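Please read it alongside the sequence and the coordinates.

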Amino acid sequence: HLIEEVALVQVLPAGWEIENIRLTGEARPGWMSRWSLNREEYLDVRDDRVMWFFDLRYGGTYDFVVKLNTVTVGEFTMPPAIAEAMYNNDFKASKAWPKVRVKAR
């Protein structure tokens, strides 16, 4: 089974910055080598969100990673991650996150 043209969107709280490693050329840490990354057909990185676009195979494993820098200490409510088939209303999912605490170093 295949769900075509899935969009996964993660909006981030204010006070968090996305570090786009595609622009810096930074390598991922070695401990990520077993993850199933880069399966998206298109990646859109914006100031406040990341959007991955891909086809989803039933039973497949997909990992999505974004490098973040926090600039504000405090407790944040993560907006839910939303995945939906762009052209098929039968497929939509969201995942709520617990509150996230950013502590000073």
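The protein chain has one helix and nine strands, where helices (H or I, at least four residues) and strands (E, at least two) are DSSP runs numbered from the N terminus. The model is predicted: local features need pLDDT of at least 70, side-chain atom pairs count only at pLDDT 80 or more, and totals for chains, interfaces and linings use all residues. Residues are numbered from 1 along each chain as its sequence is written, and side-chain values use heavy atoms, with hydrogens and water left out.

**Overall layout**

- Read along the sequence, the elements of the protein chain follow the pattern β-β-α-β-β-β-β-β-β-β.
- The C-alpha trace spans about 45 × 30 × 20 Å along its principal axes.
- Of the 105 residues, 26% count as buried; buried means under 20% relative accessible area, exposed over 50% and partly exposed in between, with a 1.4 Å probe and protein chains only.
- Contact means heavy atoms within 4.5 Å. Among contacts between residues at least 6 apart in sequence, 69% join residues at least 24 apart.

**Surface and charge**

- The accessible surface of the protein chain comes to about 7800 Å², and 51% of this area belongs to carbon and sulfur atoms. Areas come from the Shrake-Rupley method with a 1.4 Å probe; for residues, only the protein chains shown count as cover.
- The mean positions of the 14 positive and 15 negative charges lie 8 Å apart. Lys and Arg count as positive and Asp and Glu as negative, while His and the chain ends are not counted. Each charge is placed at NZ of Lys, CZ of Arg, CG of Asp or CD of Glu.

**The five-stranded sheet**

- Five strands form an open sheet in the order β3-β4-β1-β7-β8, with antiparallel pairing. The edge strands are β3 (42-45) and β8 (92-95), each of which pairs on one side only. Neighbouring strands of this sheet are turned by 15° against each other on average, direction ignored.
- Two strands pair if DSSP finds at least two bridges between them.
- Strand β1 (residues 2-11) is joined to the antiparallel strand β4 (residues 49-57) by eight bridges, and I3 stands opposite L56 in β4.
- β1 also pairs with strand β7 (residues 81-85) in the antiparallel sense, over four bridges. Here V6 stands opposite A85 in β7.
- β7 and β8 make an antiparallel pair over four bridges, in which I82 stands opposite S94 in β8.

**The β2-β5 pair**

- Strand β2 (residues 16-19) pairs with strand β5 (residues 67-70) in the antiparallel sense over four bridges. The bridge partner of E19 in β5 is K67.
- β2 has a covered face, W16 and I18, and an uncovered face, E17 and E19. In a regular strand the side chains alternate between the two faces of the sheet.

**The loop between α1 and β3**

- E40 is found in the loop between α1 (21-24) and β3. Leaving aside its neighbours within four places in sequence, E40 is in contact with W52, F53, F54 and F64.
- E40 and L8 are 32 residues apart in sequence and 9.8 Å apart in space, C-alpha to C-alpha.
- N38 is found in the loop between α1 and β3. N38 has a positive phi of about 60° although it is not a glycine.

**Backbone at E5**

- Most residues other than glycine have a negative phi.
- E5, in strand β1, has a positive phi near 55° and is not a glycine.
- E5 is partly exposed, with a relative accessible area of 29%.

Methods: Axes are lines fitted to C-alpha atoms, for helices over the stretch in contact, and angles run from 0 to 180 degrees between N-to-C directions.
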